[in-house]
Amino acid sequence: MRQAGKYSGFMMSGGISGRTGPHSLPLARIKKIMKKSGEDVKMISGEAPIVFSKACELFIEELTRRSWATTMQGKRRTLHKDDVASAVVATDIFDFLVSLVSETASHSEDVTEPEEMEKLGSS
Amino acid sequence: MDRVSVLDRFRSNRNEKSTTALEPEQTNNNPDTVNNNPEAASPRVPPCMVREQDQYMPIANVIRIMRRILPPHAKISDDAKETVQECVSEYISFITGEANERCQREQRKTVTAEDVLWAMGKLGFDNYVEPLSVFLSKYRESEGSERNSLFVKREREYAVPPAVVPGQYGPAAYALAHHPGMYEAAAMSGYYRDGGAAGSTGGAAGSSSSSQGQSGVVGGEFDPFAQFK
């Protein structure tokens, strides 16, 4: 399989015109999510979403790599949510995602938000 | 550990908000599948059957990036795709939260690319910092090559030593040192400045040379203002 290099795709055909290239993530969407991250996020420089577009690629790549490792361990060919959850649990820097992957895993209880904090310890 | 307290604050921050980007109900596309307790499917607020897509990266983009990593025969389940989508949004929020806090501490209004890079380093994503720094410097180079050459010009005028690196961005400084053409420009772009370019976007003269009066036209090899004449 052709493995894309670290920086592939971002300087294709004349370079980034600044907004979205063929492989970039949408900057406006990134900015929206950034603003939503806190009540007090006021202004965002134009470059910050651009850094994030690349950072998210790296993030997705890393998360996928780690998840796929779990899939392969199970001798499967389909990457499941549980594989993603395993990757999150196994990786220190993905600690902030632990509640997210265990939230989506538990539909059976009607959980109110404050209780989720305590559930963290069990995953 | 520092990161633990950050995580606690991050989580409590998200719990306080009335609408978080990633509420459990919204990910629940099939309330009447076997997994679910039927009673839970009829809550006080009817669960959104459709996920609000504008709080996530487009799923097609996410899948495309995932496929770069996976072997050609690999399949990805739908719930895995959605989970990765959610993780990306959470990642953005997480980093932005930290970057924003730093801005507030330093009484700056604008979250800059440098803040984002700093936050990533602090939160454990330091192996991203170098490739992102290179990416950013190349972006700046492609976007503002004329502006950058103007700053190089000014740099020579005022004889300010290019970026006395405060040492905050170890990997970044290392990366930029390999691009001598960009070195002064990056410095002048405020790349190394910690808050010096208060709120200005990349490309602004954030360096110690505060004088803006001079037009910058000095008889030299080239005239950066030639286009404006």
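Visitor: How many aromatic pairs does the structure hold over all chains?

Guide: Counted over all chains, there are 12 aromatic pairs (Phe, Tyr or six-membered Trp rings with centres within 6.5 Å; planes under 30 degrees apart are stacked, over 60 edge-to-face, the rest tilted). This is a predicted model, in which local features need pLDDT of at least 70, side-chain atom pairs count only at 80 or more, and totals for chains, interfaces and linings use all residues. Side-chain values use heavy atoms, without hydrogens and water, residues are numbered from 1 along each chain as written, and chains are lettered from A and ligands numbered from 1 in written order.

Visitor: OK, and what do F96(A) and F94(B) form?

Guide: F96(A) and F94(B) form a stacked aromatic pair, with 4.3 Å from centre to centre and 15 degrees between the planes.

Visitor: Which residues do ring pairs link into a cluster?

Guide: The cluster linked by ring pairs contains F52(A), F59(A), F94(A) and F96(A) from chain A, together with Y91(B), F94(B), F125(B) and Y128(B) from chain B.

Visitor: Changing topic, is helix α5 of chain B mostly covered or mostly uncovered?

Guide: Helix α5 of chain B, residues 113-122, is mostly covered, with seven of its 10 residues buried. The buried ones are A113(B), E114(B), D115(B), V116(B), L117(B), A119(B) and M120(B).

Visitor: And what do those buried residues pack against?

Guide: The buried residues of α5(B) pack against α2 (47-73) of chain A, and within chain B against α4 (78-105), β2 (110-111) and α6 (126-143). After α5(B) comes G124(B), which has a positive phi near 100 degrees.

Visitor: Zooming out, how many helices and strands are there in chain B?

Guide: Chain B has nine helices and two strands, and along its sequence they follow the pattern α-α-α-β-α-β-α-α-α-α-α. Of its 229 residues, 48% count as buried. Among the contacts in chain B (heavy atoms within 4.5 Å) with a separation of 6 or more, 57% come from residues 24 or more positions apart.

Conventions: Buried < 20%, exposed > 50% of the residue type's maximum accessible area, 1.4 Å probe, protein only. Helix = DSSP H or I, 4+ residues; strand = E, 2+ residues; numbered from the N terminus.
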